[in-house]
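Please view the sequence and the structure before reading on.

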Amino acid sequence: MRKKIDEEPQYTGDFLSLTRWRKLASHKVWYYVLAGVFGFSLIAYFGPGQYGGGRGASKASPSKDDSSGDVIAIVNDVPVSRVSYENQWSQMQNQMGGALAGQPTMAANFQGSVLSQLVNDAIARSAAKKKNLSVSEADIDKELQKLKESISGPGKPVDEAQFQAMLDARGVTESQVRDDLRESLLPRILADSISNQQKVTEDDVLKSYDEVKVRRIFVGVISPTSAMPGSLPDAQAQRRMEQIQAKIKGGEDFAKAADQYSTDPGNKNSVTDPKTKKSTITLLGGQLNAGQGVQKEDIGWYKRGGGQGDEFDNAAFALKKGEMSGIIKSPAGYNLIKVEDTRRKLPTDYDKKKADYLKQLKESKARKPITDMMEAEKKAAKI
């Protein structure tokens with residue numbers, strides 16, 4: 001969940017004020033910031049439209065546009081150019097269609113987000129250079145191939161004559177494109193280097209597809225940021241859960257106890273009759289993943305990392321079929337869970353794409369070290 005920004009920026013027309021947007025830089029999922037290429041690509045030369053007909057097209061190469069008047073920020077000696085900002089902003093406007101028309105505050109927020117991405121990108125490039133990472137010619141060739149295919153279609157890259165004509169129309173050379181990609185791909189190389197350091201085995205991948213069919217009783221705790229109906233002060237909530245636990249150990253049915261005592265708002269399912277328009281509330285017996293739209297065979301099944309928190313996950317996946325946990329304290333309150341069944345639900349293409357799934361798990365595990373690294377780099381950055 002994204003943190004709330006302390007003060008929402010107000011529209012002033014000063015879109016490129018770095019101080020104004022610096023707060024936005026802290027609200028990022030760093031792996032995707034690094035893995036994406038926020039710097040220059042062929043879009044910087046051709047714009048988002050085919051053959052450079054888009055509104056982001058620029059006849060200036062970013063590498064030619066580094067005079068002090070065209071640099072809007074310098075991050076650890078890495079320049080952020082105005083042309084890169086303008087191209088990224090044009091890209092976003094095209095993606096948003098006309099949604100930003102007549103919405104100056106929203107437009108200002110999106111412009112700030114673009115600038116923040118470019119600053120984050122510069123921080124990541126600086127960090128990659130400190131680690132002596134570099135972009136290989138093979139990496140550049142691969143990216144050029146993808147970008148050429150984005151112009152003419154998958155598997156059908158634009159031919160060299162057309163490509164050169166497009167470069168000539170923009171007043172740049174392929175050598176300049178390659179130089180810019182050599183810089184802009186650095187964040188991805190940095191992310192991959194951290195991802196590849198993660199120790200992940202095939203057994204880890206298999207376990208990541210383990211699921212438990214679980215019921216949960218929850219008693220919420222009142223906090224400054226949460227006061228769900230039925231929540232109690234911490235000590236009272238703990239005593240309440242101890243009483244519920246004793247009732248179940250004494251023979252009370254877990255599902256019935258969940259319906260009677262749980263303060264979890266997700267334990268209720270509202271169904272509206274299309275004819276009478278009347279809503280009926282159904283209690284779910286503490287089942288997770290039991291709302292509307294869930295396939296029957298998936299009702300009650302919970303995946304590792306399914307959003308209940310590490311405390312819940314660690315307890316749930318340590319239990320055997322038929323076992324009930326002890327009382328689990330989570331940030332939101334107290335939990336009691338019972339596992340009714342277990343299964344391992346692998347993707348149908350797992351055997352064919354095993355290497356891809358291994359890579360995905362490495363990337364997932366890399367998010368925290370990347371976040372930590374980027375936060376440290378941000379604090380030390382000279383902007």
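The model is predicted: local features need pLDDT of at least 70, side-chain atom pairs count only at pLDDT 80 or more, and totals for chains, interfaces and linings use all residues. Residues are numbered from 1 along each chain as its sequence is written, and side-chain values use heavy atoms, without hydrogens and water.

Helices (H or I, at least four residues) and strands (E, at least two) are DSSP runs, numbered from the N terminus. Helix H5 (residues 104-130) packs on helix H9 (residues 186-196) with the axes 8 Å apart and an angle of about 60 degrees. Axes are lines fitted to C-alpha atoms, for helices over the stretch in contact, and angles run from 0 to 180 degrees between N-to-C directions. Contact means heavy atoms within 4.5 Å. On the H5 side the residues are Asp121, Ala124, Arg125, Ala127, Ala128 and Lys129, which meet Leu186, Pro187 and Leu190 of H9.

An open sheet has four strands in the order S6-S3-S8-S7, with antiparallel pairing; two strands pair if DSSP finds at least two bridges between them. S6 (301-303) and S7 (328-330) are the edge strands, each with a single partner, so one side of each has no neighbour in the sheet. S7 pairs with S8 (residues 333-344) over three bridges, and Ile328 is opposite Asn335 in S8.

| Helix | Lies across | Angle to S3 |
|---|---|---|
| H11 (residues 234-249) | S3 (210-220), S7 and S8 | about 125 degrees |
| H12 (residues 254-261) | S3 and S8 | about 40 degrees |
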